[in-house]
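Subject: Model handover

Hello,

Here is the model for your files. Please open it next to this note; the findings follow below.

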Amino acid sequence: MFKKWMGAALAVAGLALAATATAQAADPVRIGFSIAQTGLFAAAAPSQLNAYELWKEQVNATGGLDVGGTKRPIEFVMYDDQSNPEQTVKIYEKLITEDKVDLLLAPWGTPMHFAIAGVLEKHQFPMVGNSAASVQLRDLKPGNIWFPTSAIPDRMADELAKMLTANGAKTAAVLTNQLPFSLEIKQFLIPALDKAGIKVAVNDEYPPDVKDMTALLGKVKAANVDAVLALSYPNDSILYMNQAKEAGIKAPFQFVLVGPTIDFFGKMFGKDLDGIVTIGHWTPAKADWPKAKPFFDAYVAKFNANPDYLDSALAYMSCEILQQAVAKAGLDKAKIREAISTMTFDTINGPVKFEGVQNVTTPTSFLQFQDGKAQLVWPPEAATAPYKPRT
Amino acid sequence: MKPDFRLLSAFFFAAMAALPLLAGDYYQGVGFQLLMWIALSQSWVLLSGLTGYISLGHVVFYGLGGYLTVLTWHIIPLPLAIPLSGLAAALFAVLIGYPVMRVRGPYFVILTFGLAELVKYIVINVEAALGRFGRLMMGAPDLSTLYWAMLALAMAATLLVVFIGRSRFGAGLRAIREDEPAAETAGVPAARYKLAAFALSALIPGMVGGLVALRTSYFEPQQIFSPTISFTVVTMAMIGGSDRARGPIMGALFLVLLSELLWANLAELYMIILGLLLIGFVLFAPTGLDGLLRRRGGR
Amino acid sequence: MDLLLSPQLLAAALIAGVLYALVALGLNLIYGTMRLLNVAHGELVMLGGYVAYWSFALLGAGPWPALILSPLATGLLGDALYRGLFRQLLANSALAQRIEANSLLLFFGVSIILQNLVSLAFTATPRGYQPFAAMVDLGAANLTGGRLLALFVAGIVTIAAVLLLRFNTVGLAIKALIQNREAASLAGIDIEKLERWSFVAGFAIAGLAGALVSMVEQLSPFMGFPYMIAAFVIIILGGLGNLTGSLIGGLVLGLLETYGVALTSPNYRSILVYGVFIAVLLVRPQGLLGRARIVR
C-alpha cells in the first residue's frame, strides 16, 4: 500500500520536476540579419554567413548565448536582401518592428551598412557592423553602429606608402577597378605615394566588367616599376594573376586588393600566390591571439575550406563583440550600447576597442602569402613573418 | 459580375494613401516599393506595351533621374529637383529618341539594354573623375513624405496610361504595334508618335529614381543602373498585362504579395517558384492576368 | 607603339574574340533559327563551367573530360527543354505570334530556376581551378595553358561551325530555315528535327564555352549574366541569324577590348564596347551583316 502511494508520489514529483525543467528551458535569443543570397554579391557573402553559422553552432554547443547570466540558445532570423540596399532597409525595418528580434547582426557590404544606418538610428537599435570600409563611415553618428575593420582607405593608403618606402620601392603602378572601395583607396593612395617620393609611372582605371588586361599590363611591364598595386576585385584579380604572369611582370612588390584572402583563390593559384600582398589584419599564425588558430581549424572542419582572412574574420569578430557585450549587459539596448562603446573586447584578432564608430586598437595591416599561408607582414611590430619580395 | 476596374483602382489608391497613417515603417516600406514598381511598369507600358517596341533598358531613365537628384542634393530644393530629374530624363529621351526608335524588333530590345549599360559606365567614369565613390545622402526626407510622393507618381503614371490609351495618340501607337507600315500608310505619323511615347515614358521613371535614391540614402551607379530593375519591370508588365493601365497594377501587386508571402522560406526557393510561375504564365496565360480576366468575362 | 604591334596583344585580342564568338554562336543558332530569345544562355555557360570544375576535381584527368562532358550535359538539358517546353511554344500559333516576348519570359524563368538550383546545390561560394599551372612560351607571346586551350578549342569550333554551315547540306537547310521558315518546310525540310538539333547544338556550344571559361575565371551560380549580355550584343551587332556575322561580331568585340583600350585608356573599355555597338546599330539598324528592312 505504502509502495503504491510512494510510487504515485514519486511519479507526481517527477512530472512536476519535468514541468518546471521545461518551463525553465530558456527561450531562444532571436538574432536577425539579411545577407546577399542572390544577386551581385552572392558570391562574396558566404564567407560572412559561414562565420555567423559557425559562431551560432559553437555558442549553442556550450548551452547558448550568455544573456546577462542566463544561457539561451541562439536562433537566427535571416532574409535574402538580393544584393539590393533598398531591400536591406526594408528587411531591417521588418526585423525590428515586425519580427521584433532581440539582437541584430550585419548584412554584407558597404552599401548595405550605409543604407541601414538610418534605420538603426531611428529605432535606436545597436548593431556591430563588419564588412564595410569607407572613410564616410566616420560621418555616421556613433551609438548604433560600429566598425571593427581597420582596412579604412585613408589609413591603408598611408600604411601602404610607408611599407613601400620601407622596402625601397621608388616607382609604382596603380591599377584601379572603378568600384567605390577601390576608387576611394586610390584617391588617398596617389597623394600618399607622391608625398613619400614614389613615382607613379602608371595610373589607370578600368570598369568592373573588364575581360582582358593585356594592354594595361603591357604598359606596366614596359614601365618596369618596383611595385604593382592592383586595386582589384576577384574577377579582375584573377585576370591580373594570369595576365601579369603572361606579360612577364617581375616587380618585387605586388599587391592585389580583393581576392587573395578567398579560399578558392589559393586553390586556383597555388604557388603563384606566394609573395602577393593583400589587405587583411587577421592570420591564424599569430600566437598572441590564442583564439585565432582554433577559429581557423573549426572553420576548416565545418566547411572544408579556408575562411576568408578578411571577411570571415571580421564577421566572427562582430559576433564575439556582440556576445561579450550581451554577457555583460543583457538585452537592454541602452546597456548594450554602453557596453560596446566602452568595453575592450577579446576577439580572434586580439583586443578591440571602439572610439566613436571606429576600432582604434587594431592597426591597419597587410598580409602576404608565404608557402601558401597568410602571414601578417605589416606593421613590423605586429608581424608574424617578415615581408619577402616576390621572386 | 464584371469587376469595375475604375472603382477597384480608385479604392486601391485610396487604401495606399491611408497606409502611412495606419501601418508601421515596415509596411510603409512595402507600400513604397509597390508604388515604385507600379509607376515604373506603367511608364514602360506607355512605350513598350502600346508600341510593341520592347525595351530592356528602362532603368536608364530611372538612373539618370536619380543621378540628377543626387547631384543637386542640398543645392536645389527637393520639390524642384525631383520634377527636374524627370524632365532631364525626358530630355535625354528626346535627344536620342529619333535614331533609337528607327531600330526594330530584337535589335531594339538589345539596343535599349546596351544604352542603359553605356550610360551606366559613363556615369561610373564621371563619378570616378569627380573623385566620388558612392555618395551618402544625409538628411533625406522621412519615409512618409517620400511615400506620398511615390503615390503621386504611381497615380500619375496610371492616369497617363489611361488617358493616352484612350486617345488618338494611343490608337496610333497601337496601330504601330499591329503593323507599322500599314499604320503609316493610313496616315499615322509613326516617327513622331514613337518619339513622343519614348519621351513620355522617361518622365516618371526619372522622378522615381530620385525618390528611391533618397530612401536608401546611398547612391552608387552600379545599384541605380542595375539591369535587374529593367527585367523586373518587363516581368511585371507581362504578368499583369501590357496593354492597359490595370495590367501593371495587377502585375506589381501580384509579384510584391508573392515575395512577401514566400520570404520566410529559403531565398532560392522563392526565386525558383517565381521562375516556374513565369513559365506557367507564358504557356497558360500569355496575355497576362488582364487577358485571363478578360477571357473570363470581365471588362 | 611597341605594345600595339606586339604579338602578345594580338593573341589576347584573338582569344577574347574567339571566346566571344563561341558564346554568340550558340545563341545565334537558337535565336536565328527559331527567334527564341534565350536569356538563359549565360546560365548554360555557368552550367558548363560547373560540370568542368567537378569533372576536373573528381576525375583527376585534367581538363580534357570537361570538353566532352560539359557540352554533353548542356546539350541533354537543351533536348529536355526543347521537348518539354519549347516545342509547344513553337507549335502553338497564338503563342508563336509574339514569340520573342514569350520566349524571353520562358527563358527568363528557366534562367532564374537554373541559377537558384545551382546555388542551392553548391552554395554561392565561388570556386576556381587551374588545369595547367605552367605557362606556354610561344616565342613571341606567353600564354597560360588555360588561355591557349581556350584559343585553340574555341577557334576550331567556331570556324568549323561556320564552314560546316556554309558548305554542308544540314548547314544549308539551317540557313534556309533562318531565311524563311515556311518556304523551307515547303521545300521538304524536316523543320522540327532541324529545330531540335539547332536548339541542342546551341546549348551544347554554350556548355563548351563554359568549360573553357571555367579555367580562367571564378565560378559562381550568378556568373552567367555578363556572358548572356555579350552574346546578345554580338549577335545583334553581327546581324541576327547570320552566323558569319556573329563570328565577325565576336572578333570586333575582342579587338575593341584590347586594341581599343590600348589606343585610348582602360577606363573607356565598356564605354567603347557599348558605344560602338550602339553607333553601329543607329547607322545600320539591321546590324553589320543582317538583312536590311526598310526603316524610316
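**Strands in chain A**

Strand 12 (residues 276–279) of chain A runs antiparallel to strand 16 of chain A, and three bridges join them. Strands here are DSSP runs of E with at least two residues, helices are runs of H or I with at least four residues, and both are numbered from the N terminus. Two strands pair if DSSP finds at least two bridges between them.

Before going on, the ground rules. This is a predicted model: local features need pLDDT of at least 70, side-chain atom pairs count only at pLDDT 80 or more, and totals for chains, interfaces and linings use all residues. Residues are numbered from 1 along each chain as its sequence is written, while chains are lettered from A and ligands numbered from 1 in the order in which they are written.

Strand 16 of chain A also pairs with strand 17 (residues 373–378) of chain A, antiparallel, through five bridges. A:Phe366 in strand 16 stands opposite A:Ile279. In strand 17, its bridge partner is A:Trp378. The hairpin of strands 16 and 17 of chain A has two residues between the strands, and A:Asp371 there takes a positive phi near 55 degrees. Four of the five residues of strand 16 (residues 366–370) of chain A are buried, so the strand is largely enclosed by the rest of the structure. Buried means that 20 or more other C-beta atoms, placed from the backbone, lie within 10 Å of the residue's own.

**Chain B**

Chain B has 14 helices and two strands. Its radius of gyration is 19 Å, close to the 19 Å that the globule rule gives for 299 residues, so chain B is as compact as a globular protein of that length. The radius is taken over C-alpha atoms; the rule is 2.2 Å times the number of residues to the power 0.38. Buried residues make up 55% of the 299.

Helix 11 of chain B is mostly covered, with ten of its 14 residues buried. Among them are B:Ile229, B:Val233 and B:Met236. B:Gly241 follows the helix, with a positive phi near 125 degrees.

**Chain C**

C:Leu237 is found in helix 11 (residues 225–238) of chain C. C:Leu237 is buried, with 30 other C-beta atoms within 10 Å. Beyond its neighbours within four places in sequence, its contacts (C-beta atoms, placed from the backbone, within 7 Å) include C:Gly249, C:Phe277 and C:Leu288. C:Leu237 and C:Phe277 are 40 residues apart in sequence, yet 6.3 Å apart in space, C-alpha to C-alpha.

Best regards

Methods
Buried ≥ 20, exposed ≤ 12 C-beta atoms within 10 Å, placed from the backbone. Contact = placed C-beta atoms within 7 Å.
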